[in-house]
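Good morning, colleagues. Please turn to the sequence and structure on the screen, and I shall take you through a few selected points.

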Amino acid sequence: MKPSELITQNTTAQIYNIIRTAGEINRMGITRLSGVSKSTISIQINKLISLGLVEEISPENSEQRKLKLKIREGIGQVAGIFLGTTKLKAVIFNLDMSILCEQEYHFENISDPVETNSRIIEILKELCDQYRVRRLWGIGLGFPFPVDFTEGKPDSPPNVPLWHGYPLKELYEKEFSCPVLIENDVNVMALGEGYMGSTRNEADFLFIKAGTGIGAGLIIDGKIYRGAKGCAGDIGHIPIDGSTVLCHCGNKGCLEAVAGGKALTGLAKEKAESGESPFLAQRLKEGCELSARDINDGAIAGDLSCIKLVQDAGKAVGQVAEKLVSFLNPSSIVIGGGLANFGNHYIGAIREAIIRRSLHLATYELRVCFSELKDMSGPMGAGTLILDHIFSSKEFPETLKRI
Ligand SMILES: [Zn+2]
């Protein structure tokens with residue numbers, strides 16, 4: 001490619017992305033954000049309008065006479081797919097990230113990758129037919145295990161070993177003839193939260209997914225930090241001081257073994273059987289298979305054992321988060337996942353454990369909060385991941401061919 005063509009395409013991509021992320025913006029705003037001359041912007045905007053990617057609209061406020069630019073509705077779509085251990089959330093987004101459709105599906109068992117992915121592909125094709133999506137421009141997928149991002153393959157997933165090395169990226173690219181990116185669940189949740197949730201407009205934050213397992217997504221300088229091999233943020237097996245609880249990995253005192261969902265339901269059962277928790281004992285008597293939800297209900301009802309369970313779990317997460325705060329100095333820590341409904345006892349204990357041992361400078365403005373997007377953070381992040389990719393300077397020329 002000649003350098004001049006490269007410059008033009010990069011500038012077009014840059015201006016398109018400014019409009020895409022701003023929502024609506026006038027030409028003066030684009031000039032300010034891009035640092036490109038007015039005449040170049042004018043040429044590039046005309047190009048984007050003639051391609052049908054961007055449209056000019058009149059401002060709602062009649063006192064603002066300048067026309068604004070926005071992404072043209074309905075020109076193309078991408079899919080954001082998020083698989084958990086028992087459910088799938090599938091969302092088709094327009095290019096401006098507005099939602100065309102969203103559906104949730106129950107999955108009994110995801111241990112077989114052939115069966116599970118055949119069903120996901122079938123679901124996505126049905127959604128495309130139903131909502132008249134002629135062809136997807138890209139697909140982002142979040143899966144609940146470690147993923148080699150470059151290869152687009154799972155790497156040694158502890159709970160679903162048959163998925164190891166399964167060629168996910170290749171499979172979806174072949175089925176849908178479009179770019180596909182595969183990422184682990186917590187990284188896409190972090191991206192989604194940063195795009196539209198509690199940390200929008202923040203460049204450096206941590207997203208901790210606390211559920212059956214515990215993991216962290218690191219957003220540094222506005223981007224996912226994956227580390228050398230893609231497993232940065234795998235905090236579930238960091239040891240908790242003084243704990244001797246045996247973890248399934250063979251070590252003792254791992255965060256996941258102390259404060260993961262499975263560990264907490266085990267403790268809840270003990271406290272119900274011993275009668276230490278009257279609330280949980282009653283739930284057990286009623287025939288419930290105790291879950292994190294029962295612990296939360298007990299804490300809300302004022303059951304002291306349930307409150308202590310929630311606080312101890314929060315303290316353990318906080319002890320690990322404190323090390324991350326000292327190391328990375330994030331502006332926020334967002335808690336998501338199945339235990340994110342634990343409420344103030346949980347988040348208070350996390351905050352207290354962090355503040356106890358961190359520098360004042362690192363914590364006096366640090367926010368510790370629950371995810372705003374909840375179960376939409378995953379699909380939203382998967383959609384953002386693929387949109388950022390297809391409209392990056394490198395991919396933009398290929399993406400234009402899809403119009
Ligand atoms: Zn472990």
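Predicted model: local features only at pLDDT ≥ 70, side-chain atom pairs only at ≥ 80, totals over all residues.

Are helices α6 and α14 roughly parallel or roughly perpendicular to each other? Helix α6 spans residues 185-196 and helix α14 residues 377-390; their axes lie 6 Å apart and cross at about 85°. Angles of 65 to 115 degrees count as roughly perpendicular, and the two helices are therefore roughly perpendicular to each other. On the α6 side, the contact is formed by V188, M189, L191, G192, E193, Y195 and M196, while α14 contributes S377, G378, M380, G381, A382, T384 and L385. By class, these contact residues comprise 8 nonpolar, 5 polar and 1 charged.

Two loops deserve a remark. In the loop between α6 and β11 we find N201, which is not a glycine and yet has a positive phi of about 75°. N201 is exposed, at 79% relative accessible area. In the loop between β15 and α14 sits K374, again a non-glycine residue with a positive phi, here about 50°. K374 is likewise exposed, with a relative accessibility of 58%.

I turn now to the metal site. Which atoms coordinate the zinc ion? They are ND1 of H237 and the SG atoms of C247, C249 and C254, at 2.0 to 2.3 Å. Along the chain, the donors follow the spacing H-x9-C-x1-C-x4-C. The site is tetrahedral, with angles of 104 to 116° among the 4 donor atoms. As for accessibility, C254 is buried at 1%, whereas C249 is partly exposed at 37%.

Key. Residues numbered from 1 in each chain as written. Heavy atoms only, no water. Axes fitted to C-alpha atoms, helices over the stretch in contact; angles between N-to-C directions. Helix = DSSP H or I, 4+ residues; strand = E, 2+ residues; numbered from the N terminus. Parallel < 35°, antiparallel > 145°, perpendicular 65-115°, else oblique. Contact = heavy atoms within 4.5 Å. Nonpolar A, V, L, I, M, F, W, Y, C, P; charged D, E, K, R; others polar. Donors = N, O, S within 2.8 Å, 3.2 Å for Na, K, Ca; no water. Tetrahedral: all angles 85-135°; square planar, octahedral: opposite > 155°, others 65-115°. Buried < 20%, exposed > 50% of the residue type's maximum accessible area, 1.4 Å probe, protein only.
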